[in-house]
Amino acid sequence: MPIAISRLLTSAISRCELTHLARAPIDVERAQREHAEYERALVQAGCTLVRIGSDDTMPDAVFIEDTAVVLDEIAVITRPGAASRRAEIDGVAVVLASYRTLAAIESPGTLDGGDVLRIGKRILVGLSPRSNDDGVAQLRAIVAGFGYTVEGVPFTGCLHLKSAATLVAPSLALVNPAWVDAAALGDVGTIAVDPLEPHAANALLIGDVVIYPAECAATARRLEEAGIRLLLVPAGELAKAEGGVTCCSLILDAG
């Protein structure tokens, strides 16, 4: 049974880091309800939920994906590109140490987990203000002994690579082709988001089910027509903080 590690959402989210979106008021109580529904979907998808506490000193801590890259063989603690987020990693490392041997990205490298898309033994890292060349090189050196390759991928228009492309099946990606060249993903199949839903490429694949934002209805229909089983969750308030459904958990096999 997979484990999903999540982190509590606090009122501090109103002070979150923003890069591509203008700041809009976040209804914290509604965001907390969305997050609770998201956690229920994780359990429905077959995960054992492990929750880490948070506090008002870490506005973005709910977006736990950015703090680690978890593989079957090792967990790599990242060094987030936003300096305000680096305090988040210690609590995550303590929990992950129960499940994996740890390695870490060191200065001057930066790496956000939201930029890391694994397709089999290929690891694609979005080259962004949050993940730099040194971070990519360090990740490559850490995982090479386990048979992984690591490639930098350019993209535009969004915060992280996984805002532009995610897997919805082992060999099928959901992509916004305006933000990333689908050819960079290799020989996987692709489904394009509905053009009126540019932020719809972020989906969380767990086993044979995909957790997906209910607000992206047109793209959801495309996925269902392709035979993808969806668990729809509300995510509108979290989206105001540039968060998506992959952002709010770390998924790992307990082994």
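Student: Which residues have the most contacts inside the largest nonpolar core, and how many residues does that core have?

Tutor: This is a predicted model, so local features need pLDDT of at least 70, side-chain atom pairs count only at pLDDT 80 or more, and totals for chains, interfaces and linings use all residues. Residues are numbered from 1 along each chain as its sequence is written, and side-chain values use heavy atoms, with hydrogens and water left out.

The largest nonpolar core has 26 residues. Ile13, Tyr38, Leu42, Phe63 and Ile211 have the most contacts inside it. A nonpolar core here is a set of buried Ala, Val, Leu, Ile, Met, Phe, Trp, Tyr and Cys residues joined through side-chain atoms within 4.5 Å. Buried means under 20% relative accessible area, exposed over 50%, and partly exposed in between (1.4 Å probe, protein chains only). Two or more residues each come from helix H1 (28-44), strand E12 (204-206), E13 and E14. H1 gives the most, with 5 residues. Helices (H or I, at least four residues) and strands (E, at least two) are DSSP runs, numbered from the N terminus.

Take isoleucine 211. Setting aside residues up to four places away in sequence, Ile211 touches Tyr38, Ala41, Leu42, Ala203, Leu204, Ile206, Leu231, Val233 and Val245. Contact means heavy atoms within 4.5 Å.

Now helix H4, residues 217-225. Its buried residues are Ala218, Thr219, Ala220 and Leu223. Their cover includes strands E9 (165-169), E10 (172-175), E11 (189-192), E13 (209-213) and E14 (230-233). After H4 comes glycine 227, with a positive phi near 90°.

Leucine 161 is another buried site. Leu161 lies in the loop between strand E8 (149-154) and E9. It counts as buried because its relative accessibility is 0%. Beyond its neighbours within four places in sequence, Leu161 is in contact with Gly114, Asp115, Leu117, Leu124, Val125, Gly126, Val153, Phe155 and Val180. Leucine 161 and asparagine 202 are 41 residues apart in sequence, and their C-alpha atoms are 9.3 Å apart in space.

Next, the charges. A salt bridge is a side-chain nitrogen of Lys or Arg within 4 Å of a carboxyl oxygen of Asp or Glu. The count is 10 salt bridges. Glutamate 88 and arginine 85 form one, at 2.9 Å from N to O. Both of these residues are buried. Asp66, Arg85 and Glu88 are linked in a network of salt bridges.

Arginine 122 and glutamate 151 also meet in a salt bridge, at 3.0 Å from N to O. This pair links distant parts of the chain: Arg122 is in strand E7 (residues 122-127), Glu151 in strand E8, 29 residues apart. Arg122 is partly exposed because its relative accessible area is 22%. Glu151 is partly exposed because its relative accessible area is 29%.

Arginine 229 pairs with aspartate 208 in a salt bridge, with the closest N and O atoms 3.5 Å apart. Arg229 sits in the loop between H4 and E14, and Asp208 in the loop between E12 and E13, 21 residues apart. Arg229 counts as partly exposed because its relative accessibility is 45%. Asp208 counts as exposed because its relative accessibility is 62%.

Last, lysine 121. Lys121 lies over the face of tyrosine 148, at 3.9 Å from the ring centre. The rule places a charge over a ring if NZ of Lys or CZ of Arg is within 6 Å of the ring centre and within 35 degrees of the ring normal.
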